[in-house]
Amino acid sequence: MRNITLRGRGLSKLLLIGALGLVCLIGFQAAAAAQQGSEIEDILYEKGSITKEEWLKIKASKEKAQATQEKGMSYGTESKDKSSSIMKGVDIGVTFYLNATYATGTSFTGSAQNGVANSTANENKGLASGFHFTRTYLNVRKYFEEGHEFRLTLDQMVNHVGGGDCTGNTNAAGGKCTEAAPFGLSGFGGTGRNSTFVKYAYYDHNFSPALHLRVGMHQTPWIEYEEHRWTYRYLFPTMVDQQGFQTSSDLGVSLLGKALNNMVDYHISFQEGEGYQNTADGRGYAGLGRISVEPIKGAIISAFYHNERERNGTEGFNPQRLLGNVEVYDPSKDTFKINAQMVWGDDGADVGRKGFPTAINVPGTYNTNATVASDTAATLGSTAGPLTSIPRFHQARGYELWAWYRIPNFEKVRLHGRYYFMKPNKDTPAGDIQSYYFGVSYDYSKFLAFSVDYTVLQETVLGSIGLPGQNISTNGACGACGQYVNYNNQIIGLRALITF
């Protein structure tokens, strides 16, 4: 009897445990089914069975239904729900460019013969040596359910020596707010660059991958494209940016996208032309365009064109730009990239021509007509670096080659380098610049990268009347007078990119 009772109790326990297990199993299966059901649209989207717009609509419908259910179950949470809906789709990111550099050369050594005063040499050391936050970006993006986007990017360039009002002059009233001083040591010049300013503020309407409409202060067609391909913007700007050939952002409207299975990438813009670092005046506009074609995987051919009427209201200042680019890369493992570029630029048919009164921005002075003794030399700009706001190019030509290579078995380590030559004015060697660097970088993660590099910057500067060894002859009578001074600078840098 006892055994029967024990067996009966054991059977009851067994049935109870089995029932509980069955309930748990049914619950687990229901949860798994619910989880699987929530991922069906993801699977369909990945397989290409539905479009991105359809995928977003399904997601939005589910989230709306869930929010309605939660709202009904949780009384008094209306304000919290509203806050959550405002922040939904918001992405906030920060990017820092940091460096520690040491510079030597002509620009950092006081020399009367080279036209470098001790005060100027010390100022140049402050710009090119030491620790710097060269750029700081705050990015705020809002993604909407239909795939559209609003972006706001605040930019701060902390590179200012000698004062606080950014007049472009070195005196008690203010210092040089030019990232390029003395010539391309960090980037390009501009006014008001030591304070925080708006780099991007635009709305992107996504009709399809092949057609986006972008309105506001946004990217010009070339510079961001090359920065994305190059990946070393935290070292220096691209050549066309560094040399004032193009500005990276401007106010206007663009059509852009990728078509034919991403074989064609295009960007067409109608913009102010003044650039984000200058005040738009509405007296002239620019038409810009880029098209990049990848006929075979791993080879991209690109062309860029810019035509503008009357920049900054200056009569005859009508910038025109042409650019051709060829890139070869490893499409399978991202092992290497090699890029070659050629550019042509002109700021107007007569700008910078000998005998024409409009000055062109090259260092030192430019003798308008070397055959007439009575001619006076024109001072060419008050800054020591390239600008986009005043004329600089007269039938200019430039060439660039950059490359990087991942070391086998150490893929996070890359060897990289760049060479370029820019001739701003075909009528004179003054202002001719060549730059080259080589370095080793370590991509620690998608949030952090380092580079150690060695850079050489060389420039031909027009001599000045009155300085020994570089007097300019206006009548051909002084065979011993110098006319050009060659500057040669070297910079060793440890640079870092932090982004999150």
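Reader: What share of the contacts with a separation of 6 or more comes from residues 24 or more positions apart?

Author: Contact here means heavy atoms within 4.5 Å. In the protein chain, 62% of the contacts with a separation of 6 or more join residues 24 or more positions apart. This is a predicted model: local features need pLDDT of at least 70, side-chain atom pairs count only at pLDDT 80 or more, and totals for chains, interfaces and linings use all residues. Residues are numbered from 1 along each chain as its sequence is written, and side-chain values use heavy atoms, with hydrogens and water left out.

Reader: How many helices and strands does the protein chain have?

Author: Both are DSSP runs numbered from the N terminus: helices are H or I with at least four residues, strands are E with at least two. The protein chain has seven helices and 18 strands.

Reader: What percentage of the residues count as buried?

Author: Buried means under 20% relative accessible area, exposed means over 50%, and partly exposed lies in between (1.4 Å probe, protein chains only). Of the 500 residues, 42% count as buried. Areas come from the Shrake-Rupley method with a 1.4 Å probe; for residues, only the protein chains shown count as cover. The protein chain exposes about 25100 Å², and carbon and sulfur atoms supply 62% of that.

Reader: Which residues have the most contacts inside the largest nonpolar core?

Author: In soluble globular proteins, nonpolar side chains tend to be buried together. A nonpolar core is a set of buried Ala, Val, Leu, Ile, Met, Phe, Trp, Tyr and Cys residues joined through side-chain atoms within 4.5 Å. The largest one has 18 residues, and W222, V240, F245, L323 and V343 have the most contacts inside it. Elements giving two or more residues to this core are α6 (223-230), α7 (239-242), β8 (286-296), β9 (299-308), β10 (320-329) and β15 (410-423). Another core, of 11 residues, lies apart from it; L235, F236, W404 and Y437 are among its members.

Reader: What is W222 in contact with, leaving aside its neighbours within four places in sequence?

Author: W222 contacts V240, R290, S302, F304, L323, N325 and Q341.

Reader: Why is α6 described as largely enclosed?

Author: Six of the eight residues of α6 are buried, so the rest of the structure largely encloses this helix. The buried ones are I223, Y225, E226, E227, R229 and W230. After α6 comes T231, with a positive phi near 75 degrees.

Reader: How many bridges join β16 to β17, and how many join β17 to β18?

Author: Two strands pair if DSSP finds at least two bridges between them. β16 (residues 433-445) and β17 (residues 448-462) run antiparallel, joined by 11 bridges. They form a hairpin with two residues between them. β17 is also antiparallel to β18 (residues 484-499), through 15 bridges. Q458 has N488 in β18 as its bridge partner.

Reader: Where is Y436, and what is its bridge partner in β17?

Author: Y436 lies in β16, and its partner in β17 is V456. Y436 is partly exposed, with a relative accessible area of 32%. Not counting residues up to four places away in sequence, Y436 touches R418, Y419, Y454, T455 and V456. Y420 is 16 residues from Y436 in sequence and 6.5 Å away in space, C-alpha to C-alpha.

Reader: Which residues make the nonpolar surface patch?

Author: Patches are made of residues with over 30% relative accessible area and no salt bridge; like charges are joined within 9 Å, nonpolar side chains (Val, Leu, Ile, Met, Phe, Trp, Tyr) within 5 Å. I301, V326, V328, I338 and L401 make a nonpolar patch of about 410 Å². I338 is placed in β11 (residues 336-346). At 44% relative accessibility, I338 counts as partly exposed.

Note on methods:
Salt bridge = Lys/Arg side-chain N within 4 Å of Asp/Glu carboxyl O.
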